[in-house]
Amino acid sequence: MRRSLVLVALAATSMVALAFLIPLALVVKNAAYERALGEAEKQANALIPVLVISQKPTDIRQAMRTTQYGAQQRLAVHIAVPAGTYGTSHITGANLEEARNLARASTVERPDGISYLQPLATSASGVAIIEAFVPHEQLTRGVIGTWWLLAGVAVGLVAGSVFVADRLGARAVKATRRLAEGARRMGQGDLTVRVPVKGPPELAEVGKAFNAMAERVRHLLAAEREVVADLSHRLRTPLTALLLDADTLGRGPGADRVREAVQGLEREVDEIIKAARSGLQPDDTGADAASVVRDRLVFWSALADDQERPWTIRGADRPAHVPLARTDLAAALDALLGNVFRYTPEGTRFAVTLVHQADLVALVVEDAGPGIADTEQAVRRGASGGGSTGLGLDIARRAAESTGGSLHVDRGPLGGARVQLRLRRL
């Protein structure tokens with residue numbers, strides 16, 4: 001923007017300067033021309049009194065020597081009767097005859113200058129012609145210097161306007177950069193960021209609105225975290241009762257699995273409360289996707305064995321570090337596996353695969369069930385065709401997008417749904 005303002009100021013002032021400079025240059029040139037002809041007319045008129053009184057050659061020559069042009073051999077007098085020329089002439093006989101016939105002051109263009117011809121009617125010698133010669137250098141005397149002076153003034157005006165535009169642009173750009181930096185930091189989760197209310201009035205107003213928005217967002221998120229924490233805390237009472245009921249089941253694989261599920265649910269509630277209380281904190285350490293896949297398959301394998309579901313795991317023998325918290329990745333994988341157990345009949349086969357690429361890790365969950373009829377609706381938040389909340393795939397999608405990846409749903413080689421969670425590597 002700063003460069004654009006400078007270019008606009010440069011173009012505008014240059015056009016204005018040219019619009020004034022060209023006419024002024026022509027005026028200066030014409031003024032010098034008229035001044036030179038005026039001086040020639042003055043020199044010619046200085047001989048008129050002498051020619052009116054006397055036409056003697058000695059008197060004429062004496063009068064010419066007393067003038068500036070005569071001393072510089074730039075003055076001549078042409079007498080008709082008797083025909084003769086006194087001084088230094090720069091015109092031809094045809095020019096002289098034409099001037100006599102014209103009977104008024106005129107000029108004759110010559111290669112080396114201009115001759116000013118002043119006719120004078122006398123009683124003794126008819127019409128006499130006084131010739132004053134002006135060389136080219138005198139016709140343009142001072143013009144070049146004045147042009148350079150005008151050019152310097154124009155350059156100074158353009159430079160001044162460019163400097164002022166640059167300063168104004170720098171002020172606006174500085175305020176804009178502060179706004180951009182504030183928006184970037186806020187996008188990274190820094191809800192305390194505020195921008196100085198400075199710069200042009202419009203940008204200052206934007207800065208004030210940004211600060212008000214940031215303060216509003218901070219209050220809203222704080223209130224939302226408190227609501228989530230309170231709601232999660234309210235789950236402790238039914239969880240405690242459920243855990244006590246599970247203790248009454250006695251011993252056995254089924255009872256142990258129920259108690260383990262209740263304890264896992266209690267841990268998840270604790271994590272939700274802590275996350276809600278602490279706010280959004282970026283996880284810079286990330287997680288090993290292969291380790292998460294192995295751990296969660298240990299949990300889901302017990303339920304799969306009870307439902308006689310064949311399952312396979314591939315690609316989890318190599319580490320795959322992704323910029324995602326371990327709990328978030330586990331929640332996303334649980335959401336995908338939970339959909340398999342919820343929407344496919346018992347005994348349906350499923351597979352979990354980690355595909356390793358240079359800058360990408362694809363976590364693929366596929367099954368041999370009926371598949372998903374409308375894949376676009378399935379990834380829409382809150383949309384569900386099975387009576388659930390419709391948040392499972394949305395949780396996985398947001399987890400993938402937080403790493404710069406994506407989520408894709410289609411039909412896999414097993415014949416049912418295939419969900420690909422593409423995560424960027426650390």
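Student: Trp 300 and Phe 341: buried or exposed?

Tutor: Trp 300 and Phe 341 are both buried (buried is under 20% relative accessible area, exposed over 50%, partly exposed in between; 1.4 Å probe, protein chains only). The model is predicted, so local features need pLDDT of at least 70 and side-chain atom pairs pLDDT 80 or more, whereas totals for chains, interfaces and linings use all residues. Residues are numbered from 1 along each chain as its sequence is written, and side-chain values use heavy atoms, without hydrogens and water.

Student: How many aromatic pairs does a search of the whole structure find?

Tutor: The search finds three aromatic pairs (ring centres of Phe, Tyr or Trp, the latter by its six-membered ring, within 6.5 Å; planes under 30 degrees apart are stacked, over 60 edge-to-face, the rest tilted). One of them joins Phe 299 and Trp 300 edge-to-face, with 5.5 Å from centre to centre and 85 degrees between the planes.

Student: And what is the relative accessible area of Trp 300?

Tutor: Trp 300 has a relative accessible area of 12%, and therefore counts as buried. Trp 300 also pairs with Phe 341; these rings are stacked, 5.1 Å centre to centre, with 25 degrees between the planes.

Student: Why does that pair tie together parts that are apart in sequence?

Tutor: Because Trp 300 lies in helix α11 (residues 289-306) and Phe 341 in helix α12 (residues 326-343), the pair ties together parts 41 residues apart in sequence. Helices here are DSSP runs (H or I, at least four residues), numbered from the N terminus.

Student: Back to Phe 299. What is its relative accessible area?

Tutor: The value for Phe 299 is 33%, so this residue is partly exposed.

Student: Which residues do the ring pairs link into a cluster?

Tutor: The cluster consists of Phe 299, Trp 300, Phe 341 and Phe 350.

Student: New topic. Which ring has the charged end of Arg 309 over it?

Tutor: The charged end of Arg 309 sits over the ring of Phe 341, at 4.8 Å from its centre (the criterion is NZ of Lys or CZ of Arg within 6 Å of the ring centre and within 35 degrees of the ring normal). Elsewhere, Arg 74 lies over the face of Tyr 69, and the distance to the ring centre is 3.9 Å.

Student: How many salt bridges does the structure hold?

Tutor: There are 11 salt bridges in the structure (a side-chain nitrogen of Lys or Arg within 4 Å of a carboxyl oxygen of Asp or Glu). Among them is the one between Arg 218 and Glu 215, whose closest N and O atoms are 2.6 Å apart.

Student: Why are Arg 218 and Glu 215 separated by about one helical turn?

Tutor: Because they are three residues apart in helix α8 (residues 201-234), about one helical turn separates them. Arg 218 is partly exposed at 29% relative accessible area, and Glu 215 is partly exposed at 27%.

Student: Where do Arg 397 and Glu 401 lie?

Tutor: Both are in helix α14 (residues 392-402), four residues apart, about one turn of the helix. Arg 397 is partly exposed at 22% relative accessibility, as is Glu 401 at 42%.

Student: What is the N to O distance between Arg 418 and Asp 410?

Tutor: The side chains of Arg 418 and Asp 410 meet in a salt bridge with an N to O distance of 3.0 Å.

Terms used
Helices (H or I, at least four residues) and strands (E, at least two) are DSSP runs, numbered from the N terminus.
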